[in-house]
Amino acid sequence: MSTSGALSSKTCLVTGASRGLGEAVARRFWREGARLVLAVRDPSSVDAFVGGVGERAARDIVVVPMDLGDVASVTSLVARVRERGVERLDALVNNAALLGPIGKTWDTPAAEWSAAVTADLVSPALLCAAVVPWMASTGGGKIINLSGGGATGPRPSFSAYASAKAGLVRFSETLAEEVRDLGIAVNCVSPGPMGTDMLAVIERAGSGSAGDKEIAAAKKALAGGDETMQAAVELIVFLASAQSDGVTGKLIAAVWDNWRDFPAHLPELAASDVFTLRRLAGRDRGLPWADR
């Protein structure tokens, strides 16, 4: 895969970088010239990556422990990173997530449901809040939050995950407006189904818990190639780089949206509510009787 040096001299924080999409993003960011801060639950989980990328790693990779289920671990992350000598942060990729309980909402243990919402909404939002003042003090930055299945439509048997991801998208839209004058862009990425450990968990859950549709989708993604993940990585690189300057407050599908042409249409993009969460009224679907 060719690289362009799009992130040369940039410092990028990636959560959940030990496997799946997070690891793929970290590796690509490294090839693009970025300095990395890897936030992972178990620091030893990235030993192979750090040890295999060359001598520059000792200077340009910082590994810090972070537990999405522990709010104190999340809110203290920025201070702990800065204590390690990291002077600035140019991009945050909130990738780490917890699938949470699978099954009907009323059969879901309350503690598991709550833990998933904390990991997938509360903790990423708090991390965003923690990095904003730091980014603003050094001239701005890019925040990229990962959406997930259920963020834009119902997802039976995954109510905690879907609710949290929908909340994260709306949070991101809101934060984008709040930081617009600080030189910080905030966007969400919908990566599409990828053959990751998360889908393997769904497959093991079986149709009785996850539903036939989910199992079929998981099997298809697990049996396929890595084209979807590659597309997601490309989009995340784009959003972390100067190529995406002017793009903010959007939920972008890596596979289905023509995001490579966004820079040529920035005024139209900024003036439109495309790629955002919105309520549909009756008039939007040709049902005039539904509106007063």
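How do helix 1 and helix 11 lie to each other?

Analyst: Quick background: this is a predicted model, where local features need pLDDT of at least 70, side-chain atom pairs count only at pLDDT 80 or more, and totals for chains, interfaces and linings use all residues. Residues are numbered from 1 along each chain as its sequence is written, and side-chain values use heavy atoms, leaving out hydrogens and water.

Now to your pair. Helix 1 (residues 20–31) packs against helix 11 (residues 227–240) at an angle of about 50 degrees, and their axes are 10 Å apart. Helix 1 and helix 11 are therefore oblique to each other (under 35 degrees is roughly parallel, over 145 roughly antiparallel, 65 to 115 roughly perpendicular, the rest oblique). Their crossing is right-handed. On the helix 1 side, the contact (heavy atoms within 4.5 Å) is made by Gly20, Leu21, Ala24, Val25, Arg28 and Phe29. Helix 11 brings Met229, Ala232, Val233, Glu234, Ile236, Val237 and Ala240. Sort those residues by class and you get ten nonpolar, one polar and two charged.

By class, the contact of helix 6 with helix 7 has 14 nonpolar, three polar and one charged residues.

Definitions and conventions. Axes fitted to C-alpha atoms, helices over the stretch in contact; angles between N-to-C directions. Helix = DSSP H or I, 4+ residues; strand = E, 2+ residues; numbered from the N terminus. Left-handed = near helix turned anticlockwise from the far one by under 90°. Nonpolar A, V, L, I, M, F, W, Y, C, P; charged D, E, K, R; others polar.
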